[in-house]
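Hello,

Here is the structure I said I would pass on. My notes on it follow below.

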Amino acid sequence: MDPIQRVASREVYRNNWMTVREDDIRRPDGSPGIYGVIDKPDYALVIAQDGDRFRLVEQFRYPLGERRWEFPQGTAPDLADLPPAELAARELREETGLRAGSMTVLGRLDVAAGMSSQRGWVFLATGITEGEPEREHEEQDMRSAWFARADVEKMILAGEITDAQSIAAWAQLMLAERHRP
């Protein structure tokens, strides 16, 4: 069966972080339809580990109207496309002030494949050195802290960490540890 085909596309919104487009499509059976798509550049999420401690950041997430704990993550400004490892190091330094001696790819994540083209890279950062954060203006309310492994897991179970990317990244870390040679 043929995949869905894009017949036409128009941009309906753009800012420094994303574009929204509406595509006219043709389904495999030939019937027409539309898709609304949010285009964002790839992001990097970083699990910074220092022994049995993990670094989280907390910030106000405007669409939810709540402060949320999550792993450091983000995209480059102005829709720039950076190499994944460079982006991961940048996000870690920017949001936490940490530098990593080693960055290991744990996997890839799709944010919301039914409505967004955005994909992410998950990294494990080790060999940590501390420094001052270099936060963007939008991150002025952010704070970061170290948490023990057991506390991260309790926060996920208690609904204190609800960020889907952070929870999926944690699962990737657990699987990588379980299957490490």
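Setting aside neighbours within four places in sequence, Arg55 contacts Ala48, Phe71, Pro72, Thr96, Leu98, Glu130, Ser144, Ala145 and Trp146. Please keep in mind that this is a predicted model.

Arg55 belongs to strand 5, which covers residues 53-61. Its relative accessibility is 7%, and the cut-off for buried is under 20%, so Arg55 counts as buried. With Ser144, one of the residues in its contact list, Arg55 also forms a side-chain to side-chain polar contact of 3.0 Å.

Asp23 sits in strand 2, residues 19-26. Asp23 is buried because its relative accessibility is 4%. Its side chain makes a polar contact of 2.5 Å with the side chain of Ser9. If residues up to four places away in sequence are left out, Asp23 touches Arg6, Ala8, Ser9, Gly33, Ile34, Tyr35 and Val37.

On annotation, an unreviewed UniProt entry lists residues 37-169 as "domain: Nudix hydrolase". In the model, that span is 42% strand and 21% helix, and 24 Å lies between the C-alpha atoms at its two ends.

Regards

Technical notes
Residues numbered from 1 in each chain as written. Predicted model: local features only at pLDDT ≥ 70, side-chain atom pairs only at ≥ 80, totals over all residues. Heavy atoms only, no water. Helix = DSSP H or I, 4+ residues; strand = E, 2+ residues; numbered from the N terminus. Buried < 20%, exposed > 50% of the residue type's maximum accessible area, 1.4 Å probe, protein only. Polar contact = N/O pair within 3.5 Å; in protein donor to acceptor, adjacent residues only side chain to side chain. Contact = heavy atoms within 4.5 Å. UniProt positions renumbered as here; feature names shortened; annotations may be inferred.
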